[in-house]
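I would ask you to look at the structure on the screen while I go through its main features.

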Amino acid sequence: MAGKTLYDKLWDAHVVRADTGGTTLLYIDRHLVHEVTSPQAFEGLRLAGRQPWRTSSVLAVPDHNVPTTERSAGVTGIADRISRIQVETLDANCAAFGITEFKMNDLRQGIVHVIGPEQGATLPGMTVVCGDSHTSTHGAFGALAFGIGTSEVEHVLATQCLIQKKSKNFRVRVDGKLPAGVTAKDIVLAIIGRIGTAGGTGYTLEFAGEAIRSLSMEGRMSICNMAIEAGARAGLVGVDETTIDYVRGRPYAPKGEQWDKAVAAWFDLHSDDDAVFDKTLVLNAADLVPQVTWGTSPEMVVGVDANVPDPAAEADQVKANGMRRALEYMGGSCTNGRIEDFRAAAAIAKGRRVKDGVRALAVPGSGLVKEQAEAEGLDRIFVEAGFEWREPGCSMCLAMNADRLEPGERCASTSNRNFEGRQGQGGRTHLVSPAMAAAAAIAGHFVDVRAIG
Amino acid sequence: MDKFTTLQALVVPLDRPNVDTDAIIPKQFLKSIRRSGFGPNLFDEWRYLDHGEPDQDNSGRPLNPDFALNQLRYQGARILLGRENFGCGSSREHAVWALEDYGFRVVIAPSFADIFFNNCFKNGVLPIVLDGAKVDALFKAVETTPGYQLTVDLQAQIVTTPSGEQMPFEVDAFRKHCLLEGLDDIGLTLQHADAIRAYEERRRGEAPWLFN
Ligand code: SF4
């Protein structure tokens, strides 16, 4: 019999009950909750007179609507009334149902996909769900993690399970060593450029190969984060020493004897050598260059050294300096809002100045990322270079809070979606790595980060 | 959830691939803590010429005359015809709530994004996958035939055109059952509460750290 893929192993370990019709009742270990996709789920519980099945599995945090400017006034200080109600509703629901919540002004608050791993709430071998498509991020830990809709949020709250159908296995192998200046973000953008935004639909994507193995957990998270942009609900990376080292000592991670037992189990979390994949793509790391998206879908991406395909008009706008006054830089998001991302951006920003007329925001992914960055002096580097150093949250990634683009503005963004109007109606987004975004903020147009020392 | 058995209704075409959930219901409307009332803001940025905000009276807003939903011939449509990768992007169920609130019960496309596809079934909306050539033919027919209607029979899993052509479609047996009966799947899952408890007990022995 052929071996199992990592996805097969994770799936099999969580089957509560398999139905003849091909649907499976799958057990969920960790449920992350935020303010946007949960109010109607709690309401549903209430209407049906149900209680959460296992509150210890749930961790909640407000992130999408929180202001990233000064917050000393607390929730009542959120200017937008409707945003405020949403955050207040999460607070009230968590209190009523006995769910742990990192509130807006808790040091541990941050983007849900940053804090799960940071707290050790995301562990290898878990099933992790959240009412947010970028839950795929957590797959970097060898966990089966995927986004769900609000009805499913309610379903997990009430039953600790989901009714699921197994997807197929797709392995993307990136062989060889990554060239200098090419980051995890560039790898994943290049993959999406190759397979398209629906290329992974119906599959779980496993990222493997030397170039992936050599990445830090932050890099692996950036890649899995964007699995959904390739159409796959879940992305995965097998467990190795890098994974274990990251998890060790985190607040929610097992301790003592349990830790040893867990680590022993986690080392089995990789695909067997003889596992069979339904689909495979092999890339050579040496061929990769920094990537820039030029269109309104993540698959509309090119290497920074290439010409933009049709429509031809885009070419000069992206490549030349058509962005001058209108460029905004947004550094952060659940794709690239971790400490390593800010180190990479700061390395470019250090001793340089943001181009006149460009507005540059640096938004940490969590309170702890912010604290760490400040301990390393990164905030000073950003501020001296003319960046705004903000409070943690989703910020301009989605522009649900007050941070957004104006019509006609362009943004070099470290986030994950360049959909029309995503960062503000009439604005345009170019997805890039943190280093590329910082370099664009300084030059006032896109430049090849490999050419900057 | 409302039952779904058969539907005969007008079809409206939305001729673009990769229609994402940000387009179906823009983010400013996600701030609502309710489940209903999203219909007037369905496709807000395409449908209106101005910028929409929640809690606004939509009746006086300038409509985009080029957008299919605004055209007289498509008023009252309950079947949406789309292209590849319909519903991609964010997991927001608000996208389906908006479609449903507007009146759609069926979306036909060559392919759907996974999360959106799931969310449809939870809200009594039937997503139907037909192959690209069939969808192409439907687009042509809808555009050239005013008042074009399709009949969808879920029990038989068949879409029937006005000329009587029958297009079979696949649907998962469990989801079909839930739609036909209008069943709440949380209630169904809770019938297996003992199996869930037994699973937890076994897992707690194997991997206690998952229950800390
Ligand atoms: S940072 Fe952006 S993509 Fe990530 S959870 Fe927030 S809004 Fe979603």
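Predicted model: local features only at pLDDT ≥ 70, side-chain atom pairs only at ≥ 80, totals over all residues.

Two strands are taken as paired if DSSP finds at least two bridges between them. Strand S3, residues 30–33, and strand S6, residues 127–130, both of chain A, run parallel and are joined by three bridges. Within this pairing, A:Leu32 has A:Cys130 in S6(A) as its bridge partner. The two strands belong to an open sheet of five strands in chain A, ordered S5-S4-S3-S6-S7 with parallel pairing. At its edges stand S5 (100–101) and S7 (144–147) of chain A; each has a single partner strand, so one side of each is left without a neighbour in the sheet.

In soluble globular proteins, nonpolar side chains tend to be buried together. Here, the largest nonpolar core comprises 101 residues, and A:Val174, A:Phe207 and A:Trp266 have the most contacts inside it. The element that gives the most to this core is helix H6 of chain A, residues 184–195, with seven residues. What does A:Phe207 touch, leaving aside its neighbours within four places in sequence? Its contacts include A:Val172, A:Ile191, A:Ile212, A:Ile223 and A:Leu236. Another core, of 62 residues, lies apart from the largest one; among its members are B:Ile25, B:Leu30, B:Phe43 and B:Ile108.

Next, chain B itself. Chain B is divided into domain 1, residues 6–181, and domain 2, residues 184–212. The C-alpha centres of these two domains of chain B lie 36 Å apart.

How do chains A and B meet? In terms of contacts, 57 residues of chain B touch 72 residues of chain A. The two chains bury about 5300 Å² between them, with 55% of that area on carbon and sulfur atoms. On the chain B side, the residues that lose the most area to chain A are B:Lys27, B:Lys31 and B:Trp209, which together account for 15% of what that side buries.

Finally, the cysteines. How many disulfides does the structure hold over all chains? The number is zero. For B:Cys88, the nearest cysteine sulfur is that of B:Cys120, 13 Å away, whereas a disulfide requires the sulfur atoms to be within 2.5 Å. B:Cys120 likewise is in no disulfide. Both residues are buried: B:Cys88 has a relative accessible area of 9%, and B:Cys120 has 0%.

Key:
Residues numbered from 1 in each chain as written. Chains lettered and ligands numbered in written order. Heavy atoms only, no water. Buried < 20%, exposed > 50% of the residue type's maximum accessible area, 1.4 Å probe, protein only. Domains from an automatic or database assignment. Core = buried A, V, L, I, M, F, W, Y, C linked by side-chain atoms within 4.5 Å. Helix = DSSP H or I, 4+ residues; strand = E, 2+ residues; numbered from the N terminus. Contact = heavy atoms within 4.5 Å. Buried area = accessible area lost by both parts, 1.4 Å probe.
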